[in-house]
Amino acid sequence: MTQPLQTAELIAARKKDHALPRDLYCGQTAFQDDLEQIWYREWLFAGPACELVKPGDYITFNVGQYPVIVLRGSDGRIRAFHNVCRHRGQRLCAKAQGSNPKLVCPYHQWTYDLDGKLLFARDMGAEFDASQYGLKPVHCVDIGGMIFVSLAQVPQPVADLAKNLAAYAMPSGLGDAKVAHSSTIVEKGNWKLVMENNRECYHCSGSHPSLCRSYSDDPLMTVMEGPQSASSEILRHWDRCDAVNLPARFVNAPDMQWRMARVPLMDNAESFTMSTKAAVNRRMGTIPWNDAGSLMFYHFPSSWNHFLPDHAIVFRILPISPTETEVTTKWLVHKDAVEGKDYDLQQLTEVWLATNDEDRRVVEENQYGINSPAYEPGPYSPTQEAGVIHLIDWYCGLMAQRLAPPMAAE
């Protein structure tokens, strides 16, 4: 019986501009390689900073086998730690979010300050040195109101992303926002299928009737090659934004790991609503018009986002298993916007709640078909699926590099 191909071999054998081989979407070995080479090494979107309002506010999530806690400290700084007690390994906080003045392990009440310092450990003996048992930190940065974490010992460079995202997100005023609604679903599909589905609108007209009221499925509305290279409609929109110093033009990482650009919605639509009008009366930030479109920002492997004049929508994905992915969506509005007065929650959320569920069904059926031994990778459309090609080229290039055997010494 032949041995199954390893991840690096599958990547090396793939057809260019085609979907990936079956085992890269459903194999346990490939999933573990994805965790170790990407999820445990890259910067990952954790959540919006506005969710952590006061000292002691925290969120938790799992990255593969690593439970993580992100919190706001007594000094106002946001930090991240491994959500594991240094005594016998109990998870410190089991809830997805909450607030505590101190972190107290529920098992034996070891108590940590909000900066991770161990404050109390009962009956540990005279020789016990509490300073050696603080929580293990996780690298954490707040970029323009968006929190990213990295589990790596030495994280990847983040300066270029930070410079661009801070400038592009500033007009949205994420620091003066609040979370109006949060939704978490589990899609029974590989994380790459979830991200692939997001990177194209080839499927939109057949799957997303609500979204297509305001968001065009014309590939020319999302395919762009540079700050001066896009459809005439987008270029006109960028000129309009330039006139009021609103960052809008296409900018990206050289390997396309991230990109951002502000694009107009269809027919001067103002927001992702059934009426296409603004969902929130109290506008966010300093964006001067209701029809300024959406600042679209994605970052592989974990996030895509829409920043609109009236609200923002941030998305985070986390891998659970080879064929399960957690998708969390948060709707942000101005911190002083009042539900029932400045916005109606149903109107604010109904388009993307429907779109997320429609995408879940698409991804799950995609995974169901790929599970078949009869599956054979098909070609991507060079016009409709250019964004998917960017994703898969990034994934394969990075994995091939990191899985390559070390060069032998001469």
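# Classifications in a predicted model, step by step

User: With neighbours within four places in sequence left aside, which residues is Arg88 in contact with?

Analyst: In this predicted model, Arg88 is in contact with Tyr107 and His108 once its neighbours within four places in sequence are set aside. The C-alpha atoms of Arg88 and Tyr107 are 8.7 Å apart, while 19 residues separate the two in sequence.

User: Why is Arg88 called exposed?

Analyst: Exposed means a relative accessible area over 50%. Arg88 has 56%, so it counts as exposed. Its place is in the loop between β4 (78-82) and β5 (97-99).

User: Is Leu135 buried or exposed, and how do you know?

Analyst: The limit for buried is under 20% relative accessible area. Leu135 has 7% and is therefore buried. Leu135 lies in the loop between β8 (118-120) and β9 (137-143).

User: What does Leu135 touch, not counting residues up to four places away in sequence?

Analyst: With those residues not counted, Leu135 touches Phe81, Val84, Arg86, Leu92, Leu103, Tyr112 and Gly116. As for Leu114, its C-alpha atom is separated from that of Leu135 by 9.8 Å, at 21 residues along the chain.

User: What is the phi of Asp17, and what is the phi of Gln109?

Analyst: Most residues other than glycine have a negative phi. Phi of Asp17 is near 60 degrees, a positive value in a residue that is not glycine. Gln109, also a residue other than glycine, has a positive phi near 65 degrees.

User: What kind of peptide bond joins Phe300 and Pro301, and how do you know?

Analyst: Most peptide bonds are trans. The one joining Phe300 and Pro301 is cis, with omega about 10 degrees. Pro301 sits in the loop between β14 (294-299) and β15 (303-307).

User: Why is α3 called roughly perpendicular to α9?

Analyst: Helix α3 (residues 28-39) packs against α9 at an angle of about 90 degrees, and their axes are 10 Å apart. The range for roughly perpendicular is 65 to 115 degrees, so α3 is roughly perpendicular to α9. On the α3 side the contact is made by Asp33, Asp34, Gln37 and Ile38; on the α9 side, by Trp394, Tyr395, Leu398, Met399, Arg402 and Leu403. By class, this contact of α3 with α9 has 6 nonpolar, 1 polar and 3 charged residues.

User: At what angle do α5 and α9 cross, and which residues meet?

Analyst: The axes of α5 and α9 come within 8 Å and cross at roughly 145 degrees. α5 passes α9 in a right-handed crossing. From α5, Trp191, Lys192, Met195 and Glu196 meet Val388, Leu391, Ile392, Trp394 and Tyr395 of α9. The contact of α5 with α9 has 7 nonpolar, no polar and 2 charged residues.

User: Which residues in the largest nonpolar core touch the most other members?

Analyst: The largest nonpolar core has 85 residues, and Trp39, Phe61, Val70, Phe272 and Tyr395 touch the most other members. Helix α9 (residues 386-403) gives the most to this core, with 9 residues. Another core, of 24 residues, lies apart from it, and its members include Met146, Trp258, Met260 and Met284.

User: Leaving aside neighbours within four places in sequence, what is Phe61 in contact with?

Analyst: Phe61 is then in contact with Ala46, Tyr66, Pro67, Val68, Val70, Val149, Arg316 and Leu318.

How values were computed. Residues numbered from 1 in each chain as written. Predicted model: local features only at pLDDT ≥ 70, side-chain atom pairs only at ≥ 80, totals over all residues. Heavy atoms only, no water. Core = buried A, V, L, I, M, F, W, Y, C linked by side-chain atoms within 4.5 Å. Buried < 20%, exposed > 50% of the residue type's maximum accessible area, 1.4 Å probe, protein only. Helix = DSSP H or I, 4+ residues; strand = E, 2+ residues; numbered from the N terminus. Contact = heavy atoms within 4.5 Å. Axes fitted to C-alpha atoms, helices over the stretch in contact; angles between N-to-C directions. Parallel < 35°, antiparallel > 145°, perpendicular 65-115°, else oblique. Nonpolar A, V, L, I, M, F, W, Y, C, P; charged D, E, K, R; others polar. Left-handed = near helix turned anticlockwise from the far one by under 90°.
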